[in-house]
Each structure stands twice: as structure tokens, then as C-alpha cells.
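Hi everyone, thanks for coming.

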Amino acid sequence: MPTPRPSTATTMALDSTSGRRVPRHRDFLNKHGHRHHSYDPEKAPYPLCYDRQVLELENMDHSFVMHVKKSVSVVQFPDHIYPKRSLDLGCGGGTWILDAAKEWPDCEFVGFDLVDVQVPTSLLEQHIASRVSWVHGNFLTTKLPFDDDEFDHVHMHGLGRGIPENKWGVLFEEVNRVLRPGGVVEVLEHDILFPTLPTWFTAPLRARNKRSDSVHYPNGSHHRTDKVPSSQPDIPPLPHDHALLESLYYAVFENRFINLRPTAILPIYFTSNFIRVISAPIVHFRMPALPPLQALPQPLPPNALLMEASLSSDRSETTSQPHASPTSRPFAVSFSSTHSSATSKSASSGESSLFSNVESSTHSCPTTSLADCSPHSPALSCDTANTLSSETETAHVMKKPLYTVDSSAAESTSMGVAASQSLIPLGEIDKLSERSLAMQLYWSYQSVLACQEAMYEELLDRTRNRTGQLTECGWDTDQELSELESRTKFEILVDRYKRDMQARISLWCSLAELGWSVPPREAMSKAELVEEERLYRAMLEARQFASEEDLYTPCRSVRIFVGYKDSL
């Protein structure tokens, strides 16, 4: 029998962050508008919320695996003899089970998860609902509520963010127990990674919100108000603008004894429980190529250049240009991995996909050079359609690898682990569009946002007990936020990170590559337009400081394992 759910008799619960009693909805607590499980963190350390956009990450990830593998499973079942009974451990919303039930029509499925977020079986088609059941409980504190040798197959996807390192061995022992002899378990896991952006990319975005301290007089002269020197001690420059959030994010998992690199440690526990193990190498997906900047919504007015010159003179004294090493030279940044010569096959057939590698498309995002940065450049004043025009249709850009493969962990593991690329269809991944990497980055940064309440709890602990760690990460050095209370200040930092990542991903470029019409931007006032062009130019010029390392930094790392139980 399934273990009972946590009691829901109490309609109110204590919010650990505010100390106030808040409504409790079945298995969930509401923390600053985000749904979280109601278990004690020591018993269920999973820190992500259950908001809709977080649950949708599961769907997106599953669609990606289905696209490259063409199946719900990485296991090669002999003679197409599929499982008769399958367990999806940590099933989330149940996406995998719903597709597996279609691919394996004779199989019964059990989805096991901490909370009830699955699709109600009453909404499913009868031939699927009759073979699907949802069970809820905590496998970290109790044994799995299933008989020995009950399942032919166990599926585990992305459990690493909720399992302390000392619990993996016990969990795999339970998986081994419920598997029948000869049964198979497949695990897809990813490392816990905080995607970062270099300062040269975020500096122009920060300058957008700054205001001049100078006063302009009618005779054309101006006077600057001297700033009061900061009383804060000298702090070494931060590696990037989101160093504090990165520190909080990693601390959330470290304080829960969750290893940040489950892909490296799982072979140790896997091989001690299963007689035959196939371990794929770690695949590191890199950051997506820099997209072109979205064009201004309207041409600049004739006298805007005078205004722009005045604004530039003010900011030249307050903002510093991104700094490059004297020994390095500007890196030629490619904004697209495709070349264009004709209408794409996907566009002509009406089958557009971010997963497709569009070898020829009139909607390919073009490369942009600093020569396009003149005040009268069409790139600064044209509409989006012209930005994605045919000016670069004849430009041939060599495609760069979307990923790197690390087999070192598998090769150094004994006890029968064989590194096998057969589990990961690298040939299919090679066919993906450059813009598919934006999806990988989106998944990673949304996973960070999903932990923001746990990050805030870590922040509160530091403000009470470890203020030095906050100072090292720049908590007290941002003058724009210095007078704000902690929660407001934290939410602004999170919103900055979100907006910076949205600028890096540039969803509009993905839509344009798919052939969608990008919605027109609202008309701006003269002052807004001048500021927008200043930002445009600053961002364009900053890109000359992009290094190859910036463009090849991993934004996500994944690994697959398959293990077979001894058939006796």
C-alpha cells in the first residue's frame, strides 16, 4: 500500500521566511507567491518550487529527449519486447508516463512523486488511464511502497537536486529490490549549474538605468555634484554581476548535502547495485551564440544626434568601458551557425522547430559588425524584418560544435562501467539548430529562479550570522539598492538576473528563425529613443570584448546511465 500523504487537516502553516501563518493547500506551502512542498527540508531537501513555468521545464526536457532519441527510452529492448510494468521514480507532472503509455501499449505504469502535481487520470483517455496510477510519498525517509521484483523497468530523470549524497546508495538498493531479475533502470541526470554572464555583456544593461549627476545650465555649461565617498572597505572586483546569487544558489544545495555534480558520483553507487552498467559520457552544452540586437522600433528624429551627444558626454564620466586584456585581440563573434541561400525546408513545409538545424533560411539571424554602428546605420533604425534581411543571406558561417563530450569520469570508474555513446545519439544532436542552445540556457536559468525562496532563506541566515560573506559578494556596495530592505533588494537582484538572461537568450530571434512575425514594439518618445539607441550602441560595441571562452562556457551538463539487475 502507498505510504500516506502528509496530514492536510491543518489549514494553516508557518512560513519559515516570514514567521507568519500562511494558507496550506494540501501538500503545498505558499512562499511569497511560489508553491513549495510542505515537508521539512531535512526530510525532503528538494528546494525548487512547483510553479507552472517550473513544471513546464519537465515537458521541454522530455520533448528534447524524444526529438533526439525518437523514443521514450534510451534502452535497446531486444526484439522490441517492451516492459510490462514500469515505475517512474520522481515522475513530476507525469509527462514521461503519458508518452510511454502510447509507445508501450501493453505496459502498466506507476508514477511516484513527493507531491500531487500529476494530470488527473479522469482527464486521460480510457485506454491510458486504465494503465496509469499515481502514488505519493517520500522515498528518502521510507522504503518504496512496492513489492520485491515488481517492475520490469524503472525510469529516473533529474532527481539529483533533491537527493543528499549519502542517500543515493540506499535509493539504488530500493530500486534494485523492486526490479525483477533481469530488469533495467535508466537514469538521466544533470549537474547543478548556475549560468553566468560576463561583465562586458551586462555592463551596458546596467548603465541603462543610471542617471546623470550633472546639472546643465542655459549657457551650455554643466556642473557635476561630487559623490560622497563610500564608507565600505575596498572589495576585490566581483567575477560577474550575479556573484551573490551564484553563491546563494550553490549554498542551498551544499547545506542540504546535495552534491553539485551528481554525474560524477553516480557511477560509484550505480555499479555497487547493478551487475551490468552502461555509462554514457558527460555532455556539456555550451552557451548559445550571441544573437543580433533587436532593432529600434522607429527611426531617430533629425535632432536626436545632438541629444545623444549630450547624454554621451555625461555618461562618459560615470561609466567605464569593458576592459580587455592588453594581450588579447577582439574576437570575431558569430551570431549564427547557419548560412542562408534559399527558403528553408522547414519554413516551406510548415514544420518549423527550434530543434531543427536550419541549413538555409531567410530568417537566419545575421552577423553584426561594428561597422554597422554609425549613427545613420540601417541596423540602428530599421525594423526587425530588415534586421533579419537578406544582407547576410550569402554569408557562410562555419557551424561550431554545440557540445563537448567528457568521457574521463566513465573511463576512471571501475567495476564494469563502460563509457558508451550509444546511449546519447550525438549524431542527432549534431543536427540541432544553433538556437536550440537557447533552450538549454533557458532550462538552466529557470532552474535557478525556481530556487529563489531557498536562496532567500540562505540570505537571511547570512544577514544574521555571516555578514562577511555578503560583503564579499557585493551585497552592500550597490548604491542603487543600499536603502532598500532585504526582501525588496533580493527581488531586484533576481529580476536583474532574469532580465539579463532574457537579453542573452533573445527569444525574438528564435521566433524569427522559425518564420514567425516578431510583434512590433511600441513607439517611443524622443528621449526614450535616444536612450534606446545609446543602449543599442553600447551593447554592440561591448561585443568586441567577447572571448571564445565566454561563448564556449557550458550552460548545462547531462549524463545517462543504464543498469541491469542480475537475472540469477
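I'll start with helix 1, strand 13 (282-286) and strand 16 (554-564), because each of them supplies at least two residues to the lining of the second largest cavity. Keep in mind that this is a predicted model.

So which element gives the largest share of that lining? Helix 1 does, with 5 residues. The cavity itself has a volume of about 190 Å³. There are 18 residues lining this second largest cavity, and Phe64, Val65, Leu188, Val558 and Ile560 are the closest to its centre. If you sort the lining by class, you get 13 nonpolar, 1 polar and 4 charged residues.

Now let's step back. How many cavities of 30 Å³ or more does a search of the whole structure find? The search turns up 8. The largest has a volume of about 800 Å³, and 44 residues line it, with Gly90, Gly92, His157, Gly158 and Leu159 nearest its centre. Helix 1 shows up again here: it gives the most to the lining of the largest cavity, 7 residues. By class, the lining of the largest cavity splits into 25 nonpolar, 13 polar and 6 charged residues.

On to the charged pairs. Side chains of opposite charge can pair when their charged atoms come close. In this structure there are 21 salt bridges, and I'll pick out a few.

Take Lys70 and Glu428, whose side chains meet at 3.8 Å, N to O. They link distant parts of the chain: Lys70 sits in the loop between helix 1 and strand 5 (85-89), Glu428 is in helix 13 (residues 426-430), and they are 358 residues apart. Are these two buried or exposed? Lys70 is exposed, with a relative accessible area of 54%, whereas Glu428 is partly exposed at 25%.

Next, Arg85 and Glu108 form a salt bridge, with their closest N and O atoms 3.1 Å apart. Arg85 is in strand 5 and Glu108 is in strand 6 (residues 108-113), so this pair ties together parts that are 23 residues apart in sequence.

My last pair is Arg261 with Asp191, again a salt bridge, at 3.8 Å, N to O. Here Arg261 is partly exposed, with a relative accessible area of 39%. Asp191 has 10% relative accessibility, and since buried means under 20%, Asp191 counts as buried.

Notes: Residues are numbered from 1 along each chain as its sequence is written. This is a predicted model: local features need pLDDT of at least 70, side-chain atom pairs count only at pLDDT 80 or more; totals for chains, interfaces and linings use all residues. Side-chain values use heavy atoms; hydrogens and water are left out. On a 1 Å grid over the protein atoms alone, a cavity is a set of points where a 1.4 Å probe fits but cannot get out, and a pocket is an open set with protein on both sides within 12 Å along at least five of seven lines; lining residues have an atom within 4 Å of a point. Grid points are joined across faces, edges and corners, and a volume is the space filled by probe spheres set on the points. Helices (H or I, at least four residues) and strands (E, at least two) are DSSP runs, numbered from the N terminus. Ala, Val, Leu, Ile, Met, Phe, Trp, Tyr, Cys and Pro count as nonpolar, Asp, Glu, Lys and Arg as charged, and the others, Gly among them, as polar. A salt bridge is a side-chain nitrogen of Lys or Arg within 4 Å of a carboxyl oxygen of Asp or Glu. Buried means under 20% relative accessible area, exposed over 50%, partly exposed in between (1.4 Å probe, protein chains only).
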